Amino acid sequence: MKGNIANIYNDSELIRQFKSGDVRGYNEIVRKYQKQVYWVIRKMVQDHDDADDITQEVFIKVHSALKDFREESNLFTWLYRIATNYSINHLKKVKTRNTVSVEMVAEPIESGDKASDEQIDEEQRRKILEAAIETLPAQQRAVFNLRYYDRLPYDEISEILGKSVGGIKANYFHAVKKIGECIKGKIEY
Amino acid sequence: MKKNHNIEELKYLVADHLTGLISKEDNDVLEKALQDSVELREFRDEMKRTLEFVKNVKIDEPSSNYWNSLLPRIHQRIEENESSSFSWDNIASLWKILVPVAAILLIAIIYYIARPVDPGVTKDEKTIEEIKKDSSQDKIEKKSEGVTPKTGNTVKEELPIENRRIDKKKLNKTDQKNIVKEEAPLIDGKEPNQEPVNENLASIDIEEISVFGSGEAAGLDEETENELKKLNDNQLQSLIQDLEQVNL
């Protein structure tokens, strides 16, 4: 993106800019990471409105805590950690949610020229996957999302979640296995 | 990676093998094991179907408007939070003051409750000493005036017997027993079956009798009671006289 300050300055400079009182540093951090943070949360909580609310909370937290951020980990890891913790806390609060409303998603991208049968099929497949992911414990869900969708290395996931690499590998293995068991029999591959 | 792996250990590598996130070394080990193990190949095929299913599921994305509106909404919420007077930080700073103040108050209260009492002299002993002092002063005054004091000059004694009714409710059980005689009906202005009463003792109120009848009931502590028991007849008589003179 031409002229985007986030592309010119790296994270440390944006943090320094914010610490010196220039809010543009914070704004650029939000713009740079908003999608990644949103999707980490969305994959965890599955509902758009919840994901939207938690994303805002995460960046509000970042606004209040960034002045004390000592850059012992990189900004990206720190953001993921906050986002994952907020999502896990949310899941603990709501415990179980059986359905995720597609209608609640704000202004979804148009699905193009797909046939209505295909759309129904896609909708069903999505619901089956969501139901399977909902069976996972919060930590397994977080590991699955961070490894499968974000393709993060195990040591980085370990840093984000504060767990051992061995434990993270086991979580990922069990998460994939459990999803497979849930979808087995419900759909023809 | 170890050279010899069991099937269960190798299964942990399958998902990463299918998504291309496995290291070259681990991939070589897994490829070789897959050629040798039917069980591992079956597991790999099942996991492949699962991950392909996951891959093909599309999740609705928010529109570009959503991304453009996110930052202003975050700032709006930050401003709302800042304008709110309630703050956990304020509460936290208040605690820093409240806790030491509460601790000081608590220490002061505990000290007031548990402060040491002068163990040398009990309250009853103090009372006896005061009585003795008063009686000796009384004697000196009487001698100097040269007038014989009236015997039994208590207020209660000056009242007729009929008026010496005592509210039973105010007395304890011992006192209530002692009062039975007092409440008996009067015959010709005299109490029936009245025993001869020592004139000196007549001036002592019923409550006073109960003092000697039961030290505990009279509120004397064990120590004082024991001391009273130790007194010989002369000392006891002297104490009674002293008590009479001071109208106790």
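In the predicted model, 50% of the 189 residues of chain A count as buried (under 20% relative accessible area, 1.4 Å probe, protein chains only). The secondary structure of this chain comprises 9 helices and 0 strands, assigned as DSSP runs (H or I, at least four residues, for helices; E, at least two, for strands). Local features require pLDDT of at least 70 and side-chain atom pairs pLDDT 80 or more, whereas totals for chains, interfaces and linings use all residues. Residues are numbered from 1 along each chain, chains are lettered from A in the order in which they are written, and side-chain values use heavy atoms, without hydrogens and water.

The largest nonpolar core contains 76 residues; such a core is a set of buried Ala, Val, Leu, Ile, Met, Phe, Trp, Tyr and Cys residues joined through side-chain atoms within 4.5 Å. L66(A), L75(A), F144(A) and L161(A) touch the most other members. Helix α3 (residues 23-45) of chain A contributes the most to this core, with 11 residues. Beyond its neighbours within four places in sequence, L66(A) is in contact with residues including I15(A), F18(A) and W78(A) (heavy atoms within 4.5 Å).

At the interface, 51 residues of chain A are in contact with 36 residues of chain B. The two chains, A and B, bury about 4,100 Å² between them, 66% of it on carbon and sulfur atoms; this is the accessible area (1.4 Å probe) lost on being put together, summed over both parts. Within chain A, Q56(A), Y148(A) and F173(A) lose the most area to chain B, together 15% of what that side buries. Between the chains there are 5 salt bridges, each defined as a side-chain nitrogen of Lys or Arg within 4 Å of a carboxyl oxygen of Asp or Glu. E46(B) forms a salt bridge with K184(A), with the closest N and O atoms 3.8 Å apart.
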